[in-house]
Amino acid sequence: MTIRISAPDTASKGEVIELKAMIQHKMETGYRRDSRGDVVARDVITRFECRYNGELVFASDFHPGIAANPFLSFHTRATESGTLDFTWTDQDGQSWSETHELTVE
Amino acid sequence: MTGISLDRRTVLTGLGAAAAMTGLSPAALGQTKANLVVIGGGFGGATAAKFLKLFLPSSSVTLIEPNETYYACPFSNLVIGGGREMSAQAFTLDRLRGYGVDIVRARAEAVDGAARTVTLSDGSTLSWDRLVMSPGIDMRWGALEGYDEAATEAMPHAWKAGTQTTLLRHQLEAMEDGGLVVMSAPAAPFRCPPGPYERASLIANYLKTYKPNSKLLLLDAKDSFSKQPLFQQAWAERYPDHLEWRGASDFGRVVRVDPQAMTVFTEFDEIQADVANIIPPQKAGAIADAAGVADQTGWCPIDGLAFESTLVPGIHVLGDATIAAPMPKSAFSANLQAKVCAAQIARLMAGREPQASVLANTCYSYIADDAAVSITGVYTNDGGALTNVEGAGGLSPMDGGPAVREAEAAQAAAWFRTITAEAFG
């Protein structure tokens, strides 16, 4: 599962920073049928969370209406140096994570 | 003609626009005296002016076009790739005078659909009974952050043929071997759906031949495009080291450019380009908006039967400016729409209803200087909306060997001679 994160490496204390995250995922709705007429099983990510030094700063619940390869862009305030953790979890509890180190000056 | 009958003869007569002319005696048409004005001297407008005069010889037909020379977009990618001279793309409207068309060298600046007038850049005003507009496209400046009119000097779009075409060619020639060429393709709809991929093929062909340490990166706002399997097969066979395509789900969508620094930004990457060809989002040519025939999408909704605007009665719109899907924005479509539209205007002038016809389009795309692939669609406007005729048309075969691709390149060249001769000859 390919994940791309865009976040600054450094920020000044109190600065509002933009975070962007995208995961390659088909987000299969469960409503489509294949060429034989069989229902294609639902396979969707249901939850995205971004934690900043363990604190939840952004979260989103996904449903079958979300397009493939979901892309998120959001903001948070840089308070201290530390780790940004981005985690996606699917309907079966499987999850994928990526981290980014932020230095606050 | 009732309904869709798909025998060969019906299709061919439809293509010749003759179907729409059945039941009209030449005498009845010859006596129709009307003021007909055409805006835009490209494939759509030039063809419309000529056929209006042929179908309605007693009417006056005035073609408004500010430019002395028209540079054709089809085949201009060959100029960018170095396989064709720009002079082969140049056409004038002079021969249309021989058909009795009045040519006015001015820009149409305002259209009054209620008063049925058009005001020109020289201050004069023309009145019309029917107006045909084939205004082509304009760029949506600023829709891609950093890409405005000034940016086109450093990062040409070359999506209107002319000085932009030669500028991009010169930049490729001046680039040192080992350089990175970056192209950006927009989301649909845009002029010439397979055009970015033909251009990428021909630039890669140039790099492979003359600058083998260089590479082309094609960044795309989409995940799928016209003739995709045929193009991707050709790229894998011919340009595996010289062309990389990156679709939207592979983070390929360009969101910002910096023409001073020659950098191109996707959501996640900053890419330094030696040559950048940015094909920006587009809309109908500006006069369409001024005339009130473009809607909030920036394009022009039309009735598929006579190509009459659904927003302003009496104005017909052709070609790239229209919302004519599934017909693509192509010179082939504009030319055929012009002939059908001219025939329908002749019917309307004679007090008759427009008649359904069958239309078609073929887009040839070169994958190298001597090899091409194509897609053909067949459409009907029966009922007023343009729809695909299922089972008609088709694509070049996958795995077609060099002989098949070369034969299609020869067909493409013959098509270009034919369509330019009909529009401008």
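Val264(B) has Ile271(B), in β16(B), as its bridge partner. The model is predicted: local features need pLDDT of at least 70, side-chain atom pairs count only at pLDDT 80 or more, and totals for chains, interfaces and linings use all residues. Residues are numbered from 1 along each chain as its sequence is written, and chains are lettered from A and ligands numbered from 1 in the order in which they are written.

Strand β15 of chain B (residues 263–266) is joined to β16(B) by three bridges. The two run antiparallel. Strands are DSSP runs (E, at least two residues), and helices are runs of H or I of at least four, numbered from the N terminus. Two strands pair if DSSP finds at least two bridges between them. In chain B, an open sheet of three strands has the order β14-β15-β16, with antiparallel pairing. β14 (254–258) and β16 (270–272) of chain B each have a single partner strand, so one side of each is left without a neighbour in the sheet.

Chain A has eight strands and zero helices. Its radius of gyration, taken over C-alpha atoms, is 16 Å, well over the 13 Å that the globule rule gives for 105 residues, so chain A is more spread out than a compact globule. That rule is 2.2 Å times the number of residues to the power 0.38. The C-alpha trace of chain A spans about 60 × 20 × 20 Å along its principal axes.

Eight residues of chain A are in contact (C-beta atoms, placed from the backbone, within 7 Å) with four residues of chain B. β1 (3–6) and β3 (16–23) of chain A each supply at least two residues of the side that touches chain B.

Conventions. Two residues are in contact if their C-beta atoms, placed from the backbone, lie within 7 Å.
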